[in-house]
Amino acid sequence: MKTLQNSQITIVGLGLMGGSLAGALRSHCRSVVGVARRSETVERALERDLIDRGTTDLAQGLDGADVVVLATPVRVILSQLAEIGPLLPPGCLLMDLGSTKAQIVAAMADLPDHVQPLGGHPMCGKETSGIESADPVIYRGATFILTPLPRTSQEALALGRELVEAVGSQPLTLSAERQDFLVGTVSHLPYLMACALVATADATTSADPAAWRIVAGGYRDTTRVAGSDVTMMADILLTNCENVLQAVDVFQEQIRRLSRLVESGDESAIRAALSEIRRERLRMYP
């Protein structure tokens, strides 16, 4: 029976997430092979002891793999699936780290029958990107969503869960549609909100040199994700457009409601609304 300990894991894409996963897995499997577009990235991953060996040749990296993880932007994953499928050994588990799942899972359904597909989305990361930002501990304590297909065997799902738990994450199995709906509000909307807040500050206060001297932790914390990789975030927004726009509509209703309360000058109503929101926030994060 295939276990993580006796598996060769090939990670395609050695940026923040792929490089971090490689480093987190090295002590839990037979070997970790890294595949990247640039030889400099492979060399740096080797220098940092994140991988056992690496290559810029996709077919070479996939040779002998028991588990393959696609750690590239969502639309790159979509384009890679058709190419990678025929190159995978029989029984190979193919996972991904894409932040949206419906389109990826639909494309995985067309993989050759000898491949075991399993969608994945770790709920962690940083606003920085690239191999230099790779940090094996970022997965610890994070929820790691798994989206099996009807064709995914119980053995393949168990191996995927073993991988997730080995890096310190907590597996959560969801359908692709349910995961995309949820992250549209709790992950992708906050990115747009952070971008809008930066744009608002730029349009209103940036001309005053004192503005950036009085920026406090609240602004920095709230806008942190606006520094995320643009290519990655554009892919996310464009492959989860409907759910993101639905979340934006609800957010606009809520900000208008709060704006009307401020405009009314009704302190008791303002305090009641803010207290209710505060209680909900404390319930979510005690």
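These legends describe an overall view and two close-up views of a predicted model. Local features need pLDDT of at least 70 and side-chain atom pairs pLDDT 80 or more, whereas totals for chains, interfaces and linings use all residues. Residues are numbered from 1 along each chain as its sequence is written, and side-chain values use heavy atoms, with hydrogens and water left out.

**View 1. The whole protein.** The protein contains eleven helices and eight strands, taken as DSSP runs numbered from the N terminus (helices: H or I, at least four residues; strands: E, at least two). Its C-alpha trace spans about 70 × 40 × 35 Å along the principal axes. Of its 286 residues, 41% count as buried (under 20% relative accessible area; exposed is over 50% and partly exposed in between, with a 1.4 Å probe and protein chains only).

**View 2. The aromatic pair Tyr139 and Phe144.** The structure holds one aromatic pair. The ring centres of Tyr139 and Phe144 are 6.4 Å apart and the planes lie at 25°, so the pair is stacked (rings of Phe, Tyr and Trp, the last by its six-membered ring, pair if their centres lie within 6.5 Å; planes under 30 degrees apart count as stacked, over 60 as edge-to-face and the rest as tilted). Both Tyr139 and Phe144 are buried.

**View 3. Met193 in helix α7.** Helix α7 covers residues 176-204 and includes Met193. Met193 is partly exposed, as its relative accessible area is 33%.
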